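Please look at the sequence and the structure before reading on.

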Amino acid sequence: MVDSRTHFPTIVIGAGQAGLATGYHLAERGEDFVILNAEARVGDEWRRRWDSLLLFTPARHSALPGLPHPDPRAFLSKDEIADYLEGYAKQFDLPVRHGVTVTGVARSGEGFTVTTSAGVLTADSVVVATGATTAPAVPGFASELDADIRQLHSSEYRNPSSVPPGTVLVVGAGTSGAEIALELAASHPVLLAGRPTPHIPDAVFAVAGELYWNLVYRVLTIDTPIGRKVAPKFHSRGAPLIRISMKKVQAAGVSRLPRLTGVENGMPIVEGVSVPRPSTVIWATGYRPGLEWIEGVPLDAGGLPDAPRGVVASMPGLFFVGMPFQFGLTSQLLGGVGRDAGYVAERIAERQRVNARVGESASGLLKK
């Protein structure tokens, strides 16, 4: 049954891995909350990703708290991840309301007003668990390309058969761009523009996979000097290439180009030189956090919230889970988000205990 209340002690926005992990930890602490999911089903965001997508970490490092995968060595497909998330919500009976889109969050007294497609709700605490990949990022000069060049963001790519014949220019040499370029190379002439992130050799995972995970999970955090040094570079360059390398991409016939610098006479250019005319451009240029719908939230130059460990000090009761390097390099990953979710859930529980004590004191004074 749908909970028809309009006020909740805690509202969690988003039913991806961040929202579900937060819900798990809130339930473990006996907190009263609801999770708002804009999708029709848990996992639908994963179901829409490109057909061949696989996680680059094995299942043993891709589980949410309380529910390990039956095959810890497997590399999960996007549909397997979606089904896992849906099963997770059912396993722990998490209170998810589907088909509810949040359009605004604003401070209201000691709590918050949450404007949604299902009406206005209020809450003492709000957890934004939508992540930092809600708004596809495309360069402003994309609109200057010739109208007959098809354009799509990597979030819209499904498979090679969905891309018309002709040369494809993939812009962005991170993991998504490299994997899409490699897949398309079997059926299309492909150009890949951009500066790649560093590649973690396959041998590292074959020989020292557990050591690598311990490094990125336990060492690369804001609690360590090396973690604090890595964090700014992670925000500006993105995650390293894993299970794919530029050498492998080029061996498949993909032509490498420098970073795209603009458009001239309707054609993309790199370092002032036009590139071969593409039939299709795929923008594998990442995302913006897209948090403008939260009134008054402090944001940095990249649009990320000023929320150390997910806590917004200037707006008590507002929290984030699932942001890049929120605590460590794994903060956005299935295997790392649970740690951040537990920290935030404990801050919420503390806030509720304080509010309860204040309420009891006020009630005692009134009785006197």
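Arg277 has a relative accessible area of 41% and is therefore partly exposed, a class that lies between buried (under 20% relative accessible area) and exposed (over 50%), with a 1.4 Å probe and protein chains only. This is a predicted model, in which local features need pLDDT of at least 70 and side-chain atom pairs count only at pLDDT 80 or more, while totals for chains, interfaces and linings use all residues. Residues are numbered from 1 along each chain as its sequence is written, and side-chain values use heavy atoms, with hydrogens and water left out.

Arg277 forms a salt bridge with Asp148, their closest N and O atoms being 2.7 Å apart; the term requires a side-chain nitrogen of Lys or Arg within 4 Å of a carboxyl oxygen of Asp or Glu. This pair links distant parts of the chain, 129 residues apart, since Asp148 is in the loop between strand S7 (135–136) and strand S8 (150–153), and Arg277 is in the loop between S16 and strand S17 (280–283). Strands (E, at least two residues) and helices (H or I, at least four) are DSSP runs, numbered from the N terminus. Asp148 itself is exposed, with a relative accessible area of 59%.

The structure holds 13 salt bridges, including these:

| Pair | Closest N to O distance |
|---|---|
| Asp148 and Arg277 | 2.7 Å |
| Arg48 and Glu39 | 2.9 Å |

Within the second pair, Arg48 is partly exposed at 41% relative accessibility, whereas Glu39 is buried at 16%. In the third, Arg353 at 40% is partly exposed, and Glu346 at 22% is also partly exposed. Salt bridges that share partners also join Arg41, Asp44, Arg47, Asp83 and Glu86 into one network.

Strand S16 belongs to an open sheet of three strands in the order S14-S15-S16, with antiparallel pairing, where two strands pair if DSSP finds at least two bridges between them. Strand S14 (260–264) and strand S16 (273–274) stand at the edges with a single partner strand each, so one side of each is left without a neighbour in the sheet. Four bridges join S14 to the antiparallel strand S15 (residues 267–270), and Glu264 stands opposite Met267 in S15.

What is the relative accessibility of Val219? Val219, found in helix H5 (residues 202–219), has a value of 32% and so counts as partly exposed.
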